[in-house]
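Visitor: I am new to this structure and would like a tour. Could you take me through it step by step?
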Amino acid sequence: MGIGLKSNENKVSKKFYIESYGCQMNFADSEVVASIVSKEGYNSTNNLNDADLILLNTCSIREKAELTVRKRLESFNKLKRKNKNLKVGVLGCMAERLKSKFLDEEKIVDLVVGPDAYKDIPNLLEEINEGRNAVNVILSKEETYGDISPVRLSSNGVTAFVSITRGCDNMCTFCVVPFTRGRERSRDPKSILNEIKDLNNSNYKEITLLGQNVDSYLWYGGGLKKDFKNADEFVKKTSVNFSKLLKLVAEAFPKLRIRFSTSNPQDMSLDVIKTMANYDNICNYIHLPVQSGSDSILKAMNRQHTREEYLTLIKNIKDIIPNCGISHDMITGFPNESDMDHKQTLSLMKEVQYDFGYMFKYSERPGTFAAKKFEDNVKESVKKIRLQEIIDLQQTHSHYRTRQYVGKIVEVLIEKESKKSNLHWAGRNEQNTMVVFPKQSHNIGDFVKVKVLECTSATLIGVSQDL
Ligand code: SAH
Ligand code: F3S
């Protein structure tokens, strides 16, 4: 078909491959990027060897995350030698943190795009295809990608992420996110509801509302949160905060399971907890990072709450939603963390008995307040021991929590085949615990009542009651 070939048909033969690292937000962003790149005539491929464009959506949260990406980049050298036209792009937090330095440090990289600059990718692709390197790392006070319909990548067709805020204003002293993802801004509820409507129409069964700090969501027509206090009364009255947004979504889509992440203790309101309790389709599960059980460490981390305030919040959650699953993030070995501080962390964990948790050794991030002001003075060997102690304790608590389900019936949304057996389905209960059970006549996307017969610390094993 040589005659009448339209210019964009020329592009159609190109393929892109995208790989995501780090938080759920990066995975959601990659779906926005896939949508933008597809409009440029690139088809997506899961095979690296077929790709004309490789994109890595990167994470800077800990040094290890960055090293993983650098190793991955190295592995592309061979591919580039084979395919002279292959282009490699770095997206996300490392792009933002390292900016054009990336091009000097990693010769393989042609394209560097920060988290707020994805709409510029079409122009940047033109640049690199003409043989120039291209960089855009401009952060925005408005960009939410609310008008882009994400292309669902390697989706199970059942669960999807929907981002509701971008950036973070909290400035926890250890954290690189406020530098790489910029100021916090909220997305128009209309565009959130439209995205969910599309997912609902495509038969998705569960959505997770995403933000660095979802409880801080506030829509009053656009603009930064700090300017809200100067808004007029009408604007204030018609504004939408997180509990209102949850209510809107829960009422508009009564059949959808609704989750959200991440909650920040300082911003989580009683209204949010009550809204969760009022709607059956909002899952009773809260990821509530605490980072440390010691007041002096919390203060040095600039977390805006004390240990006691955090425990009061946990008590409120358990009073209002007794069966609520709760998980945490914990950092061990923050500068000046003493043995006593560490013991406080262990004792806080014992008080809460979390369902599960994500635990990390402190990793100093260049440019953060902690990197500038505190010495990374807890020895690596001590960090390691402390980390192991909190992991072991969490394991005990997780097992205690899963044991409470044995003999009970839980509702599971089937997401995939069990990793260990092709005769079993796997899905989560509303508290976010993994459940596996024999497939019988069920299918992916079904909600099934499962009787729990046994458990490990991470998984419930049962049998369907819906036959
Ligand atoms: N906004 C979310 C996600 C932050 S990043 C929140 O508030 O939870 C996810 C987790 O990574 C954090 O909760 C923290 O436990 C961990 N983390 C962030 N910076 C870190 C660092 N410098 N070293 C070790 N862990 C870190
Ligand atoms: Fe980071 Fe604290 Fe925000 S952990 S993402 S600065 S809430």
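Predicted model: local features only at pLDDT ≥ 70, side-chain atom pairs only at ≥ 80, totals over all residues.

Visitor: Fine. Where is Lys-99 found, then?
Guide: Lys-99 sits in the loop that joins helix H5 (92-98) to helix H6 (101-105). The phi angle of Lys-99 is near 50°, which is a positive value in a residue other than glycine. As a rule, most residues other than glycine have a negative phi.

Visitor: And which peptide bond is cis?
Guide: The bond from Ser-261 to Thr-262 is cis, and its omega is near 5°. In general, most peptide bonds are trans. Thr-262 belongs to the loop between strand S13 (257-261) and helix H12 (270-278).

Visitor: Let me step back. Into which domains is the chain divided?
Guide: The division gives domain 1 (14-136), domain 2 (159-403) and domain 3 (409-464). Taken over C-alpha atoms, the centres of domain 1 and domain 3 are 36 Å apart.

Visitor: Now the ligands. Which residues come nearest to ligand 1?
Guide: Of the 15 residues around ligand 1, the nearest are Phe-174, Gln-212, Gln-291, Asp-329 and Ser-363. By class, this shell divides into 6 nonpolar, 5 polar and 4 charged residues.

Visitor: What about the distances to its oxygen and nitrogen atoms?
Guide: A polar side-chain atom of Asp-329 is 2.6 Å from an oxygen atom of ligand 1. For Arg-62, an N or O atom in the side chain lies 3.1 Å from an oxygen atom of ligand 1. Phe-174 takes part through its backbone, where an N or O atom is 3.0 Å from a nitrogen atom of ligand 1.

Visitor: How much of ligand 1 does the protein cover?
Guide: Ligand 1 has 540 Å² of accessible area on its own, and the protein covers 90% of that. Strand S15 (325-332) and strand S16 (356-361) are the elements that give two or more residues to the shell around ligand 1.

Visitor: What surrounds ligand 2?
Guide: Ligand 2 is surrounded by Cys-168, Asn-170, Met-171, Cys-172, Phe-174, Cys-175, Val-177, Pro-178, Gln-212, Asn-264 and Arg-303. That shell has 7 nonpolar, 3 polar and 1 charged residues.

Visitor: What lines the largest cavity?
Guide: Its lining includes Ala-28, Glu-31, Val-32, Tyr-145, Arg-152, Phe-161 and Arg-187. Helix H2 (24-39) and strand S7 (159-163) are the elements that give two or more residues to this lining. By class, the lining of the largest cavity has 6 nonpolar, 2 polar and 4 charged residues.

Visitor: Why does the largest cavity lie between domain 1 and domain 2?
Guide: Domain 1 (14-136) and domain 2 (159-403) both contribute residues to its lining, so the cavity lies between them.

Visitor: And which residues line the second largest cavity?
Guide: They are Glu-184, Arg-185, Ser-186, Ser-216, Leu-218, Gly-223, Leu-224 and Lys-225. These divide into 2 nonpolar, 3 polar and 3 charged residues.

Visitor: One last topic: what is the volume of the second largest pocket?
Guide: It is about 450 Å³. Of the 25 lining residues, Asn-323, Tyr-405, Asn-429, Glu-430 and Gln-431 are the closest to its centre. By class, the lining of the second largest pocket has 10 nonpolar, 6 polar and 9 charged residues.

Visitor: Which strand gives the most to that pocket's lining?
Guide: Strand S17 (residues 409-417) gives the most, with 3 residues. Domain 2 (159-403) and domain 3 (409-464) each supply at least three residues to the lining of the second largest pocket.

Definitions and conventions: Residues numbered from 1 in each chain as written. Chains lettered and ligands numbered in written order. Heavy atoms only, no water. Near = heavy atom within 4 Å. Nonpolar A, V, L, I, M, F, W, Y, C, P; charged D, E, K, R; others polar. 1 Å grid on protein atoms, 1.4 Å probe; cavity = no way out; pocket = protein on both sides within 12 Å on 5 of 7 lines; lining within 4 Å. Helix = DSSP H or I, 4+ residues; strand = E, 2+ residues; numbered from the N terminus. Domains from an automatic or database assignment. Polar contact = N/O pair within 3.5 Å; in protein donor to acceptor, adjacent residues only side chain to side chain. Areas by Shrake-Rupley, 256 points an atom, 1.4 Å probe, with all protein chains shown as cover. Points joined across faces, edges and corners; volume = space filled by probe spheres on them.
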